Amino acid sequence: MSGILYVVGTPIGNMSDITYRAVEILSSVDFICAEDTRVTVKLLNYYNIKKPLVSYHEHSARQVSENIITRIEQGENCAVVTDAGMPCISDPGEDLVKLCAERGVRTEVVPGPTAAASAVAVSGLSTSRFSFEGFLSVTKKQRFAHLKSAALDTHTLVFYEAPHKLLDTLNDMLAYFGNRRISICRELTKIHDEIIRTDIEGAIAHFEEIQPRGEFVLVVEGYEPPEISEEINIEEAAAQARKFAEQGMKLSEACKEAAKLTGYKKSEIYSFILNE
């Protein structure tokens with residue numbers, strides 16, 4: 001009889017933020033897959049849990065997945081955890097769950113703390129709809145494409161970022177998003193937990209003075225379309241297109257988006273700008 005893969009949420013900082021069920025499952029499974037066994041063993045020791053650990057991170061995931069699935073198919077129960085929060089979200093455990101789905105292996109979730117939702121809840125920004133964007137790529141082309149695609153999203157945007165890349169990310173956000181409101185959540189639930197509510201320019205100024213430390217969740221205000229009056233003229237439509245272009249769009253694409261908002265044809269706006 002096949003076993004079960006348990007996707008177990010663990011604390012994002014404070015060791016006490018764990019559910020009774022999570023402790024029960026971690027205590028009962030045959031083995032535990034961990035992103036970083038050195039981090040996970042501290043949690044297990046805190047709750048006096050002694051279980052075999054399998055290292056499962058982005059560099060080894062594909063190599064060990066088959067062995068893990070085989071063990072589960074042979075009847076063993078496994079828990080997959082990440083360093084902090086819910087595994088399988090911007091995490092190599094995602095591939096393990098996909099493989100279980102393909103092979104018909106039973107999967108159960110044991111919910112726990114999530115940094116993204118926790119940060120949105122205390123951001124002071126709109127929480128009714130938000131888009132989890134995860135980590136930006138270190139590759140400039142992919143990074144800029146990601147920011148460009150999110151620039152016109154009206155939902156609150158949530159990003160994860162490491163301290164050594166924070167200032168570059170804030171400057172890139174300023175270029176693509178403009179100076180929006182932002183909530184910067186640092187080291188959530190830990191001793192030095194900090195929430196900074198400001199705008200992107202203010203955040204840049206702050207971290208140019210103070211070296212970023214710890215892990216960050218960035219909660220950014222969504223795009224607010226301009227209020228368009230019924231009597232808008234072509235000059236105003238062109239100004240809107242230029243604003244889109246300043247956020248990283250090609251001029252033709254910017255004119256297309258401005259046309260949707262203003263009622264003018266894309267060709268009319270494009271021609272006006274070229275002939276100014």
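Predicted model: local features only at pLDDT ≥ 70, side-chain atom pairs only at ≥ 80, totals over all residues.

Reply: Val64 has a relative accessible area of 21%, so Val64 is partly exposed.

Me: Where does Val64 sit, and with which residues is Val64 in contact beyond its neighbours within four places in sequence?

Reply: Val64 belongs to a helix that covers residues 61-73, namely α3. Set aside the neighbours within four places in sequence, and the contacts of Val64 are Ser55 and Tyr56.

Me: How far apart in space are Val64 and Gly124?

Reply: In sequence, 60 residues separate Val64 and Gly124. In space, taken C-alpha to C-alpha, the distance is 42 Å.

**The whole chain**

Me: How many helices and strands are in the protein chain, and what box do its C-alpha atoms fill?

Reply: The protein chain has 11 helices and 10 strands. Along the principal axes, its C-alpha atoms fill a box of roughly 70 × 45 × 30 Å.

Me: What percentage of the residues count as buried?

Reply: Buried means under 20% relative accessible area. The protein chain has 276 residues. Those that count as buried make up 44%.

Me: Among contacts with a separation of 6 or more, what share comes from residues 24 or more positions apart?

Reply: Take the contacts in the protein chain with a separation of 6 or more. The share from residues 24 or more positions apart is 70%.

Me: Which residues of α6 are buried, and why are they on the same side?

Reply: Helix α6 spans residues 140-150, and its buried residues include Arg143, His146, Leu147 and Ala150. They cover an arc of only 95° around the axis, so they lie on the same side of α6. An α-helix has 3.6 residues a turn, so residues three or four places apart point the same way. The residues asked for are Arg143, His146, Leu147 and Ala150.

Me: Which residues are exposed on the other side of α6, and against what do the buried ones pack?

Reply: On the other side of α6, the exposed residues are Lys141 and Ser149. The buried residues of α6 pack against β6, β7 and α7.

Me: What is the hand of the crossing of α6 and α7, and how many charged residues does the contact have?

Reply: The crossing of α6 and α7 is right-handed. Arg143 and Lys148 of α6 take part in the contact, as do Asp168 and Asp172 of α7, among others. By class, the contact of α6 with α7 has 6 nonpolar residues, 1 polar residue and, for charged residues, 4.

Me: At what angle do α9 and α10 pack?

Reply: Helix α9 covers residues 234-246. The axes of α9 and α10 are 8 Å apart, and the angle is about 135°.

Me: How many nonpolar residues does the contact of α9 with α10 have?

Reply: The crossing of α9 and α10 is right-handed. Phe244 of α9 and Leu261 of α10 are among the residues that make the contact. By class, the contact of α9 with α10 has 2 polar and 1 charged residues, and the nonpolar count is 8.

Me: At what angle do α10 and α11 pack, and how far apart are their axes?

Reply: Helix α10 covers residues 251-262, and helix α11 covers residues 266-274. They pack at an angle of about 125°, and their axes are 8 Å apart.

Me: Which is buried and which is exposed, Asn48 or Glu187?

Reply: Most residues other than glycine have a negative phi. Asn48 has a positive phi of about 55°, and phi of Glu187 is near 55°. Asn48 lies in the loop between α2 and β3, while Glu187 is in the loop between β8 and β9. With a relative accessible area of 60% Asn48 is exposed, and with 18% Glu187 is buried.

Technical notes:
Residues numbered from 1 in each chain as written. Heavy atoms only, no water. Axes fitted to C-alpha atoms, helices over the stretch in contact; angles between N-to-C directions. Helix = DSSP H or I, 4+ residues; strand = E, 2+ residues; numbered from the N terminus. Buried < 20%, exposed > 50% of the residue type's maximum accessible area, 1.4 Å probe, protein only. Contact = heavy atoms within 4.5 Å. Left-handed = near helix turned anticlockwise from the far one by under 90°. Nonpolar A, V, L, I, M, F, W, Y, C, P; charged D, E, K, R; others polar. Arc of directions from axis to C-beta.
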